[in-house]
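The sequence and coordinates come first, and the description follows.

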Amino acid sequence: MIEIRWHGRGGQGAKTASLLLADAAFNTGKFIQGFPEYGPERMGAPMTAYNRIDENEIRIHSNVYEPDYVVVVDDTLIGTVDVTNGLKKEGAILVNTSEPIEKIRKELSGYTGKVYTLDATKISLECLKANFPNTALLAAIIKITNIMDRETLIKDMEGSFKHKFARKPEVIPPNMECLTRGFDELNGGE
Amino acid sequence: MAIRERLSGNEAVATAMKQINPDTVAAYPITPATEIPQYFANFVSNGSVTTEFIPVESEHSAMSACIGASAAGARVMTATSSQGLAYMFETLYIASGLRLPIVLVNVNRALSAPINIHNDHSDSMGARDAGFIQLYCESNQEAYDNTIMAVKIAEKAKLPVMVCYDGFITSHSIENIMLMENEEVKNFVGEYNPEEYLLDDKRNISIGPLSLQNSYFEQRKEIADAMVDSKEIIKEVSEEFYKLTGRKHGLYEKYMLDDAELGIIVLNSTAGTAKEAIDVLRSKGVKAGLLKPRCFRPLPYLEISEEVKNLKVLAIMDKADSVNGYSGPLFSEITSAMYTSNVKVPTVNYIYGLGGRDVKIDNIFEVFSDLETIAKTGKITTLTNYLGLRGE
């Protein structure tokens with residue numbers, strides 16, 4: 001079973017990203033769970049969302065305490081929230097940041113596993129002219145976890161976007177660009 | 001052909017309601033049940049159901065409208081949580097007292113105060129004597145299945161049914177689910193033809209007149225009998241559902257219980273976490289097992305007593321506190337049933353997860369570890385334990 005924890009701020013789309021990841025894994029035939037930890041829902045307040053992905057039916061119904069992977073949607077959370085808490089050292093953390101990887105690693109309270117970065121905010125601003133980093137991050141975490149290959153991801157997400165944006169087809173190409181750039185511009189892994 | 005999908009618990013239940021296409025839905029939004037009337041209102045405005053949707057101004061009115069519509073002869077459903085169910089309280093007894101087969105989906109949430117939107121079972125446990133059949137659900141799949149079966153159970157038993165599942169944990173979590181075809185659901189629930197109803201122009205009847213010393217008692221006995229009889233109805237409907245879907249639902253579910261020495265009884269989503277814990281313990285040679293009641297009303301008290309009689313020790317877990325200076329409701333009722341069935345197994349109570357306190361697999365290991373100690377020493381130090389309390 002793969003367990004993933006998302007750290008974001010209210011309104012940044014971490015919940016949506018966790019649901020999209022669940023969708024992607026579901027489409028490959030897996031059993032999935034996707035759920036946010038609901039607190040006082042305020043824009044900008046730290047929030048957490050979770051995924052479980054498995055070959056078999058998932059029966060456990062608690063939060064995730066020892067994730068295989070962590071995704072940090074907003075790098076200003078590092079230091080405020082203990083983002084590597086319980087993270088398996090054979091796992092990995094993905095941070096949305098414009099900072100160099102070595103700087104991020106130093107801030108991760110001695111985490112010895114793999115660290116990845118992606119400037120998903122920059123990608124989103126360039127492609128969508130707005131800050132919705134989750135599509136690029138989704139592609140990156142799918143690459144890291146190897147849930148599906150690049151080609152399958154593109155095909156799968158194109159289908160989802162066509163459904164989701166049926167009334168605004170003009171937003172599909174920029175979202176697809178976010179997706180492919182997120183996949184291709186992922187840094188790190190050391 | 002079953003349809004492989006991934007849905008949240010609320011989406012699954014709203015989908016079931018769409019497939020059932022009841023005559024009337026009256027509901028008022030409350031977290032975490034809000035999405036059900038929200039999705040359903042969409043189905044109404046999109047024309048995917050022909051239901052009369054009544055957006056009432058409170059839960060008291062929601063149940064009152066359901067009672068009126070049901071007495072008139074309609075197939076009726078509603079959904080609520082927590083304070084909403086509490087606000088319905090007096091009308092719940094009217095629904096069952098008038099023998100109206102209303103289906104109420106209750107997304108379990110804690111009661112105020114302090115105010116809290118998260119899961120425990122205080123709301124439905126508070127309504128346990130209201131004459132509703134109560135079905136509890138571990139997963140989105142069970143919430144979907146029970147909602148569909150509830151319609152048929154209610155109409156056969158002539159009692160209202162409450163379908164209960166965990167707020168947020170089940171209601172807002174996306175999971176895999178197998179849906180039935182629309183036609184399958186339509187055929188399974190069939191057409192509702194009540195024997196007696198107010199809008200029957202061939203018979204003039206009165207529903208709900210004054211009933212005093214010379215008749216009230218007999219009518220209450222009929223309700224008590226109907227609850228007893230509903231056990232067989234639940235079994236029949238579940239068997240029919242099993243033949244259609246391959247998914248088996250009894251009055252309760254057993255997991256690794258038959259040869260178990262250490263057993264726990266727990267409702268809803270925590271049962272899934274307990275199954276995971278039991279697999280781990282079994283791999284270490286610990287004979288752990290689980291009994292998960294699906295029906296709390298009617299309580300299969302003889303059957304449960306029989307199932308637990310060979311255990312060395314039993315823990316009964318309550319996600320609600322009766323605040324009675326003694327124990328939680330599940331513990332009180334099941335130990336009482338064990339006593340009257342001459343089943344003597346050392347039994348302890350755990351109050352857990354109130355207000356959405358997360359129930360970790362470690363919490364379940366802790367319970368089994370306590371049970372091992374009791375089995376070895378034969379001594380119960382604390383009868384009613386509060387599991388996962390901070391500072392313990």
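## The two chains

Chain B holds 12 helices and 15 strands; helices (H or I, at least four residues) and strands (E, at least two) are DSSP runs, numbered from the N terminus. Its radius of gyration is 21 Å, close to the 21 Å that the globule rule gives for 392 residues, so chain B is as compact as a globular protein of that length. The radius of gyration is taken over C-alpha atoms, and the globule rule is 2.2 Å times the number of residues to the power 0.38.

This is a predicted model, in which local features need pLDDT of at least 70 and side-chain atom pairs count only at pLDDT 80 or more, while totals for chains, interfaces and linings use all residues. Residues are numbered from 1 along each chain as its sequence is written, and chains are lettered from A and ligands numbered from 1 in the order in which they are written.

Chain A has six helices and seven strands, which follow one another along the sequence as β-α-β-β-β-β-α-β-α-α-α-α-β. The radius of gyration of chain A is 15 Å, close to the 16 Å that the globule rule gives for 190 residues, so chain A is as compact as a globular protein of that length.

| Chain | Span of C-alpha trace | Buried residues |
|---|---|---|
| Chain A | about 45 × 40 × 35 Å | 47% of 190 residues |
| Chain B | about 70 × 55 × 45 Å | 53% of 392 residues |

A residue is buried if 20 or more other C-beta atoms lie within 10 Å of its own, exposed if 12 or fewer, and partly exposed in between, with C-beta atoms placed from the backbone. Two residues are in contact if their C-beta atoms, placed from the backbone, lie within 7 Å. In chain A, residues 24 or more positions apart account for 61% of the contacts with a separation of 6 or more. In chain B, 81% of the contacts between residues at least 6 apart in sequence join residues at least 24 apart.

## Where the chains meet

In the contact between the chains, 16 residues of chain A touch 18 residues of chain B. On the chain A side, helix H1 (14–27) and strand S2 (31–37) each supply at least two residues, and S2(A) gives the most, with five residues. That side of chain A divides into nine nonpolar, five polar and two charged residues. Here Ala, Val, Leu, Ile, Met, Phe, Trp, Tyr, Cys and Pro count as nonpolar, Asp, Glu, Lys and Arg as charged, and the others, Gly among them, as polar.

S2(A) also pairs with strand S8 (residues 174–179) of chain B, in the antiparallel sense and over two bridges. Two strands pair if DSSP finds at least two bridges between them. Gly34(A) stands opposite Ile174(B) in S8(B).

An open sheet of nine strands, with mixed pairing, runs in the order S7(A)-S6(A)-S5(A)-S4(A)-S1(A)-S3(A)-S2(A)-S8(B)-S1(B). Its edge strands, each pairing on one side only, are S7 (187–188) of chain A and S1 (3–7) of chain B. Within the sheet, strand S1 (residues 2–9) and strand S3 (residues 46–54) of chain A run antiparallel and are joined by eight bridges. His7(A) has Thr48(A) in S3(A) as its bridge partner.

H1(A) packs on the sheet, where it touches S1, S2 and S3 of chain A together with S1 and S8 of chain B. The direction of H1(A) makes about 175 degrees with that of S2(A).

In the segment after S7 of chain A lies Gly189(A). This residue is partly exposed, with 13 other C-beta atoms within 10 Å. Leaving aside neighbours within four places in sequence, Gly189(A) is in contact with Lys114(A) and Tyr116(A).

## Inside chain B

Helix H10 (residues 301–308) and helix H11 (residues 329–340) of chain B pack at an angle of about 75 degrees, with their axes 9 Å apart. Axes are lines fitted to C-alpha atoms, for helices over the stretch in contact, and angles run from 0 to 180 degrees between N-to-C directions. H10(B) and H11(B) are therefore roughly perpendicular to each other; angles under 35 degrees count as roughly parallel, over 145 as roughly antiparallel, 65 to 115 as roughly perpendicular and the rest as oblique. Tyr301(B), Ile304(B), Ser305(B) and Val308(B) in H10(B) meet Ile334(B), Ala337(B) and Met338(B) in H11(B). By class, this contact has six nonpolar, one polar and no charged residues.

Leu92(B) belongs to helix H4 (residues 82–97) of chain B and counts as buried, with 22 C-beta neighbours inside 10 Å.
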